[in-house]
Amino acid sequence: MKYPIRHKFYAKRTETDGIKFPSKKEANHYLDNKLRVKSGELVFFLRQVPLHLPGGSRHVIDFLEFNSDGTVHFVEIKGYDTPMGKLKRKLVESLYPINIEVK
């Protein structure tokens, strides 16, 4: 008997606009960003932006949002924030002059 493979944090893979997202929460944030672009609040946004770390590793930011007022936000969507995720974010924030928002 085969059992379905489940995510260890119970995230549900979701496809929206032909894009596969690892969770419903991230897909919903994508849809919210599309509405914010239409309303003029956001100029544009990028998905899955890699930031390179020492040792050949990298940390991927879920969304890079460019607001119409000129501000830029680095956003990560988390259902459950792991200790490794917190550590990598601290490392990224110490190497780059950015602040990562967790939603």
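Two residues are in contact when heavy atoms of each lie within 4.5 Å. The structure shown is a predicted model, in which local features need pLDDT of at least 70 and side-chain atom pairs count only at pLDDT 80 or more, while totals for chains, interfaces and linings use all residues. Residues are numbered from 1 along each chain as its sequence is written, and side-chain values use heavy atoms, with hydrogens and water left out.

View 1. Helices (H or I, at least four residues) and strands (E, at least two) are DSSP runs, numbered from the N terminus. Read from the N terminus, the order of the elements is β-β-α-β-β-β-α-β. The protein has 103 residues, of which 31% are buried; buried means under 20% relative accessible area, exposed means over 50%, and partly exposed lies in between (1.4 Å probe, protein chains only). Among contacts with a separation of 6 or more, 38% join residues 24 or more positions apart.

**View 2. Gln 48 lies in strand S3.** This residue is partly exposed, because its relative accessible area is 35%. Apart from neighbours within four places in sequence, Gln 48 is in contact with Glu 26, Val 60, Ile 61 and Asp 62. Gln 48 and Glu 76 are 28 residues apart in sequence, and their C-alpha atoms are 9.5 Å apart in space.

**View 3. Helix H1 covers residues 24–39.** From first C-alpha to last, its 16 residues reach 23 Å, close to the expected 22 Å; the expected span is 1.5 Å times one less than the number of residues. Glu 26, Ala 27, His 29, Tyr 30, Asn 33 and Arg 36 are buried in H1. An α-helix has 3.6 residues a turn, so residues three or four places apart point the same way. The buried residues of H1 pack against strands S1 (14–16), S2 (19–21), S3, S4 (58–67) and S5 (72–76). Gly 40 follows the helix and has a positive phi, near 95 degrees.

**View 4. Strands S3 and S4 form a hairpin with five residues between them.** The strands run antiparallel and are joined by nine bridges; two strands pair if DSSP finds at least two bridges between them. Phe 45 has Glu 65 in S4 as its bridge partner. In the turn, Gly 55 has a positive phi of about 85 degrees.

**View 5. Asp 17 and Lys 34 form a salt bridge.** A salt bridge is a side-chain nitrogen of Lys or Arg within 4 Å of a carboxyl oxygen of Asp or Glu. The closest N and O atoms of Asp 17 and Lys 34 are 2.5 Å apart. This pair links distant parts of the chain, with Asp 17 in the loop between S1 and S2 and Lys 34 in helix H1, 17 residues apart. Asp 17 counts as partly exposed because its relative accessibility is 47%, and Lys 34 counts as partly exposed because its value is 34%.

**View 6. Lys 78 and Glu 76 meet through their side chains in a salt bridge.** The N to O distance is 3.8 Å. Salt bridges that share partners join Glu 76, Lys 78, Asp 81 and Arg 89 into one network. Glu 76 counts as buried because its relative accessibility is 1%, whereas Lys 78, at 27%, counts as partly exposed.
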